[in-house]
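Hi there,

Here is the structure I promised to pass on to you. Please open it alongside this note, and I will go through what turned up.

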Amino acid sequence: MNSSQAQAELSTFAATVLHVMETAVFALADEAEDPTEAQLLDAIAVGIDLGKDMQSRIEIAGPLELFAELAADMMGADVEEISPEQAADFLSELANMIAGRWATDALGDQAEVALGIPEPIAMNDDVWEARLGIPGCFVFTVNDHYLIVDLAPRLA
Amino acid sequence: MSHRILVVDDSATTRTYVKRTLALSGLDPKHVFEAASGREALDRLSQGDIDLVLTDLNMPEMDGGSLVREMAASPQLSFIPVIIISTEGSKPKLEKLLRSSVVGFLRKPFTPEQLRDILQTRLVTS
């Protein structure tokens, strides 16, 4: 893959994330102007593998509070009613939706992709901070929070 | 609508979202049942009285594809229509499922209107 193809695929990936956020939870997300400024306070993370025709993996991290807010929106509940387990469940489903959409967006609907089951990742701030600003690691702002979505292996 | 619907998804958030949308569509919440895996769904289906299954594909324990195949192989369950609700858009996989009792496919993420539309179509024709 040359650099322009990789750049095009990365743009598609960012668009996929924005589409999922808007459709699933009516949340307007924007790409952060300076990804390196992302804060990771009280964050949780999840990873999902994409196998068969697409050997890739997506990892997502963000504050528990953000996922509680988005889960509340999706479930029609007040954020105070959302437990940490429900917020984490929402994050797993978000990863599932982004991975499934991205697989088809990138490879077309004739490809065979085997999605893994989203698995929680132990949060390591140093690891995530080292990724910020690297192509393939996207930082979005949603509801005044940072959402980090990392596509690996990186395409660029 | 007085249909009895089984919602199968490992995500409790998604099950709640689907149940809420069904309720907003006029379906009595008492007629909507939940299962977190294909295995749980088969247990619930064995009790009878389900008119339609809405199932995810990508689930631990027993996935939606296995659930559809088990239902198709059962004389008691093969007549129950199934709608797939999944993030996956792979046509080869979906075409295999559409040869069984699967009558529709809705791709996640979906809007409440999209769910209502496919249910109205399938419940009328099933």
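In helix H3 of chain A, the residues A:Gln86, A:Asp89, A:Phe90 and A:Glu93 meet B:Ala12, B:Thr13 and B:Thr14 of helix H1 in chain B. By class, this contact between H3(A) and H1(B) has two nonpolar, three polar and two charged residues. The axes of H3(A) and H1(B), the latter covering residues 12–24, come within 8 Å and cross at roughly 85°. That angle makes H3(A) roughly perpendicular to H1(B). Please keep in mind as you look around that this is a predicted model.

H3(A) also has a partner in its own chain. The axes of H2(A), which spans residues 64–75, and H3(A) come within 8 Å, with a crossing at roughly 80°. These two helices are therefore roughly perpendicular to each other. On the H2(A) side you will find A:Leu64, A:Phe67, A:Ala68, A:Leu70, A:Ala71, A:Met74 and A:Met75, and they meet A:Pro84, A:Gln86, A:Ala87, A:Phe90, A:Leu91 and A:Leu94 of H3(A). The residues of this contact divide into twelve nonpolar, one polar and no charged.

How do H2(B) and H3(B) lie relative to each other, parallel or perpendicular? The axes of H2(B) (residues 38–45) and H3(B) (residues 64–73) come within 9 Å and cross at roughly 30°. Angles under 35 degrees count as roughly parallel, and H2(B) and H3(B) are therefore roughly parallel to each other. H2(B) passes H3(B) in a right-handed crossing. The contact is made by B:Gly38, B:Ala41, B:Leu42 and B:Leu45 from H2(B), together with B:Leu67, B:Glu70 and B:Met71 from H3(B). Sorted by class, that contact has five nonpolar, one polar and one charged residues.

Now for the spaces inside. How many cavities of 30 Å³ or more are there? The count comes to three. The largest cavity has a volume of about 80 Å³. Its lining takes in A:Gly100, A:Ala103, A:Thr104, A:Gly108, A:Ala111, A:Val113 and A:Leu115 from chain A, along with B:Glu88, B:Gly89 and B:Ser90 from chain B. H3(A) (84–107) and strand S4 (113–115) of chain A each supply at least two residues of this lining, and H3(A) gives the most, with three residues. By class, the lining of the largest cavity has four nonpolar, five polar and one charged residues.

The second largest cavity holds about 50 Å³ of space. Here the lining consists of A:Ala24, A:Met74, A:Met97, B:Thr14, B:Tyr17, B:Lys108, B:Pro109 and B:Phe110. In this lining, six residues are nonpolar, one is polar and one is charged.

The largest pocket has a volume of about 300 Å³. Of the 14 residues that line the largest pocket, the closest to its centre are B:Asp63, B:Gly65, B:Arg69, B:Glu88 and B:Lys93. S4 of chain A, together with H3 and helix H4 (91–98) of chain B, each supply at least two residues of the lining of this pocket. Its lining has five nonpolar, two polar and seven charged residues.

Finally, two spots in the backbone are worth a look. Most residues other than glycine have a negative phi, and most peptide bonds are trans. A cis peptide bond joins B:Lys108 and B:Pro109, with omega about -10°. B:Pro109 lies in the loop between strand S5 (102–107) and helix H5 (112–125) of chain B. In chain A, A:Asp42 has a positive phi of about 50° although it is not a glycine. You will find A:Asp42 in the loop between strand S1 (30–31) and strand S2 (43–52) of chain A.

Notes:
Residues numbered from 1 in each chain as written. Chains lettered and ligands numbered in written order. Predicted model: local features only at pLDDT ≥ 70, side-chain atom pairs only at ≥ 80, totals over all residues. Heavy atoms only, no water. Axes fitted to C-alpha atoms, helices over the stretch in contact; angles between N-to-C directions. Helix = DSSP H or I, 4+ residues; strand = E, 2+ residues; numbered from the N terminus. Parallel < 35°, antiparallel > 145°, perpendicular 65-115°, else oblique. Left-handed = near helix turned anticlockwise from the far one by under 90°. Contact = heavy atoms within 4.5 Å. Nonpolar A, V, L, I, M, F, W, Y, C, P; charged D, E, K, R; others polar. 1 Å grid on protein atoms, 1.4 Å probe; cavity = no way out; pocket = protein on both sides within 12 Å on 5 of 7 lines; lining within 4 Å. Points joined across faces, edges and corners; volume = space filled by probe spheres on them.
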